[in-house]
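Work through the exercises below with the model open. Try each task before reading its solution.

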Amino acid sequence: MLLLWLQAVLLLLVLPNHAEVTTAEEPGVLVPPPKETCAGWMAGIPGHPGHNGTPGRDGRDGTPGEKGEKGDAGLLGPKGETGDVGVTGAEGPRGFPGIPGRKGEPGEGAYVYRSAFSVGLETGVTVPNVPIRFTKIFYNQQNHYDSSTGKFYCNIPGLYYFSYHITVYMKDVKVSLFKKDKAVLFTYDQYQEKNVDQASGSVLLHLEVGDQVWLQVYGDGDHSGLYADNVNDCTFTGFLLYHDTN
C-alpha cells in the first residue's frame, strides 16, 4: 500500500514538467514531450475505477402497440356470499280476477234459541198480592208461561224483555212486576170516574234458568181496578233478546 502511494506522488511530480506545448503551425494541438528529455520515465499504475454516475431520466413513452387477440375464457370462480336483501320494489299492477272456486258443502244450521209468550186477561182481578193469571193465550209455543200459575219460567239464561198493558176501570190500579219473589217494577194509575183509563210498563231483566217472573196487584184490594171484556184487554208479554254464551 505504501508503494502505491509513493508511485502516485512521483506521477504528480512528473506531470507538471511536461506541460502542454503547442506548435506555431497547429495551435491547440498537444505535443507529447520528447523521449530524449526523460530517458528514465515510467508510467504510473492505473487508478481505481470511478463511481457510477446518477441514473439518467426516463425516456418518453413508446407508441401503444396493436390490440392483442381475445384470450380464452377463464375458469368459473367459486360462488360468492349471499348479498344483502334489496329494497322492496314498487307494488305492481293489479292482476286479473281469478276463477271462482267451487261451491262449498252446506253447513249445519246455527241453533236458534227461542223463548217468548204473550197472554191476556179474560176477567177482572179482585185478589191482591198473588200472581195474576192471564188465561187468554196469544202466543206460548215454547210453553215457558204457565197459565195455571200466571208465571213465566226461565228455561234459557239470557236477557229478556217484559211489558204489560192494562185497562183501568172502577178502581185505582197499582201493579208490580215480580222476579224471584221481589218486586222490580211498579205502575200506578188513578181511576177517573166514568172513564176507562190505560196504564203500561216495560223492563229488561237478566234471568237464570229457574227464575220466575209474574204480575200481581200490589197492596190491598183498593188498587185492583184491572178490567177486561170483549173490547178491552190487559196483556202481559215477554221474550228472549239474546242468550248467555258462557
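**Exercise 1. Which residue of E8 is the bridge partner of Val-175?**

Solution. Val-175 has Val-217 as its bridge partner in E8. Strands (E, at least two residues) are DSSP runs, numbered from the N terminus. The model is predicted: local features need pLDDT of at least 70, side-chain atom pairs count only at pLDDT 80 or more, and totals for chains, interfaces and linings use all residues. Residues are numbered from 1 along each chain as its sequence is written, and side-chain values use heavy atoms, without hydrogens and water.

Next, take the strands. E5 and E8 pair in the antiparallel sense over 5 bridges; pairing requires at least two bridges found by DSSP. E4 (residues 151–153) also pairs with E8 in the antiparallel sense, over 2 bridges. There, Tyr-153 is bridged to Gln-212 of E8.

**Exercise 2. Find which residues touch the most other members of the largest nonpolar core.**

Solution. A nonpolar core joins buried Ala, Val, Leu, Ile, Met, Phe, Trp, Tyr and Cys residues through side-chain atoms within 4.5 Å. The largest has 31 residues; Phe-134, Phe-162, Leu-177, Leu-226 and Phe-236 touch the most other members. Elements giving two or more residues include E5 (158–179) and E8 (212–217). E5 gives the largest share, 8 residues.

Now inspect Leu-226. Its contacts (heavy atoms within 4.5 Å) include Val-175 and Val-217, leaving out residues up to four places away in sequence.

Methods:
Buried means under 20% relative accessible area, exposed over 50%, partly exposed in between (1.4 Å probe, protein chains only). Helices (H or I, at least four residues) and strands (E, at least two) are DSSP runs, numbered from the N terminus.
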